[in-house]
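Let's take a walk through this structure together. Have the sequence and the 3D view ready, and we'll go from one spot to the next.

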Amino acid sequence: MAETGSTPEAATKPPPDAATGSVPEAPTGTTAAPTVWRSPGAPPRARGGAARRGTRALRTRTSAVLVVAVVLTVLAVPALVPLDEQAVDLGSKLLPPSWSHPFGTDEVGRDLLLRCVYGLRISLLVGVVAGLAATVVGTVVGALAGALGGWADRVVMRLVDVFSSVPHLLLGVFIVAMFRPGLWPVVASVALTHWLSTARIVRAEVLSLRSRPYIDAAISGGSSRLRITVRHLLPGVLPQAGLAAVLMIPHAIWHESALSFLGLGLPTHEASLGNMVQAARGSLLAGDWWPTLFPGLFIIIPTLAIAGLAGAWRERLNPRRRSELML
């Protein structure tokens, strides 16, 4: 009979040698069972799931705080700071960050903080307008292709494949090259090159909805194809279309910055983040890092914050697909 208070480990250990008092080693060729350390709390799988949920929640809250801070900065700074972002002061050129100029000044003495805020405002305007336009075009094309089916679906999707084979930036350069540098050619360039992924997503969602029983019931009831598309299919794809629009904003910001960096976006004298990075290349080679660093951060941080919120939205729409963002 086992003694009271014995532990499983004690029951599995071999008895000590009577003469020496030592515990004999395991025979050669055998391996001892690995020791598994477990805390008395939740099982390891549950603790791992809770840690992942906590990480996702922290990422979502951080992204939301950054997006709110970006919006407030864009709205408040131009109203509270009565300065001209185009004001040139050659006596204050390339000043390092200080209390009077927190981000320093550029090569002609303009305040970098104010110019970064105005450049971010232009980038957000391009991102929102171009993202909405691209989402509307992609939603209409994808819904029509999925609802019509047959040869119309095949023709539309082959056209989508043809346009997708050309890089977005190359096609955008071709579009803006036909106009003078300005805001609206950039918006048109982004909108006309970024609706393709939305069209594919919406078409796939429409094809999935067409197999639902209530669609069969509507067809049996005599509803026309247009009525079924407007009343039943489009409302079902609106969440995915909204997610595509949000995901389009950071991509549009990058696209606008790249075009401005190449000299094909906004005019060089306007406050654009791409223009500022391009103009600061010579200063960076001379050792002045601030004209390049701060505009670059104003491009990276807002886009990552918006992408983080879009990723959280995507996980809510489809929790089984927590893959990379559709950027």
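Which residue forms a salt bridge with R158? The partner is D161, and the closest N and O atoms of the two are 3.0 Å apart. A salt bridge here is a side-chain nitrogen of Lys or Arg within 4 Å of a carboxyl oxygen of Asp or Glu.

Before going on, a word on what you're looking at. This is a predicted model, where local features need pLDDT of at least 70 and side-chain atom pairs count only at pLDDT 80 or more, while totals for chains, interfaces and linings use all residues. Residues are numbered from 1 along each chain as its sequence is written, and side-chain values use heavy atoms, with hydrogens and water left out.

Back to our pair. Both R158 and D161 sit in helix α4, 3 residues apart, which is about one turn of the helix. Helices (H or I, at least four residues) and strands (E, at least two) are DSSP runs, numbered from the N terminus. R158 counts as partly exposed because its relative accessible area is 48%, and D161 is partly exposed too, with 30%. For these labels, buried means under 20% relative accessible area, exposed means over 50%, and partly exposed is in between (1.4 Å probe, protein chains only).

Salt bridges that share partners also join D106, E107, R110 and R115 into one network. In it, D106 bridges to R115, with the closest N and O atoms 3.8 Å apart, and both of these residues are buried. E107 and R110 meet through their side chains at 3.9 Å, N to O. E107 is partly exposed, at 27% relative accessible area, whereas R110 is buried, at 11%. Altogether, the structure has 6 salt bridges by this rule.

While we're at helix α4, which covers residues 150-164, look for L159. With 47% relative accessibility, L159 counts as partly exposed. Follow the chain and you'll find L196 37 residues apart from L159 in sequence, yet the two are 9.6 Å apart in space, C-alpha to C-alpha.

Next, the inside. Which residues have the most contacts inside the largest nonpolar core? They are F103, C116, L120, L124, L273 and F298, in a core of 18 residues. Such a core is a set of buried Ala, Val, Leu, Ile, Met, Phe, Trp, Tyr and Cys residues joined through side-chain atoms within 4.5 Å. Elements giving two or more residues to this core are α2 (44-80), α3, α9 (225-261), α10 (273-279) and α12.

Take L124 from that list: leaving out residues up to four places away in sequence, L124 touches V70, V74, I253 and I306. Contact means heavy atoms within 4.5 Å. T135 is buried, since its relative accessibility is 7%. Beyond its neighbours within four places in sequence, T135 is in contact with T198, A241, A244 and A245.

Now for the aromatic rings. A pair of aromatic rings is described by the distance of the centres and the angle of the planes. Rings of Phe, Tyr and Trp (its six-membered ring) pair if their centres lie within 6.5 Å; planes under 30 degrees apart count as stacked, over 60 as edge-to-face, and the rest as tilted. There are 4 aromatic pairs in the structure. W289 and W290 are an edge-to-face pair, because their ring centres are 5.6 Å apart and their planes stand at 90 degrees. W289 also pairs with F294, this time tilted, at 6.1 Å centre to centre and 45 degrees between the planes.

How covered are these rings? W289 is partly exposed at 42% relative accessibility, while W290 is buried at 6%, and F294 is buried with a relative accessible area of 13%. Ring pairs link F103, W289, W290, F294 and F298 into a cluster.

W289 takes us out to the surface as well. Together with L66, L284, L293, L297, I300, I301 and L304, W289 forms a nonpolar patch with about 690 Å² of accessible area. Patches are made of residues with over 30% relative accessible area and no salt bridge: like charges are joined within 9 Å, nonpolar side chains (Val, Leu, Ile, Met, Phe, Trp, Tyr) within 5 Å. Accessible areas come from the Shrake-Rupley method with a 1.4 Å probe, and for residues only the protein chains shown count as cover. Helix α12 (residues 290-317) gives the most to this patch, with 5 residues. I301 is found in helix α12, and at 38% relative accessibility I301 counts as partly exposed.
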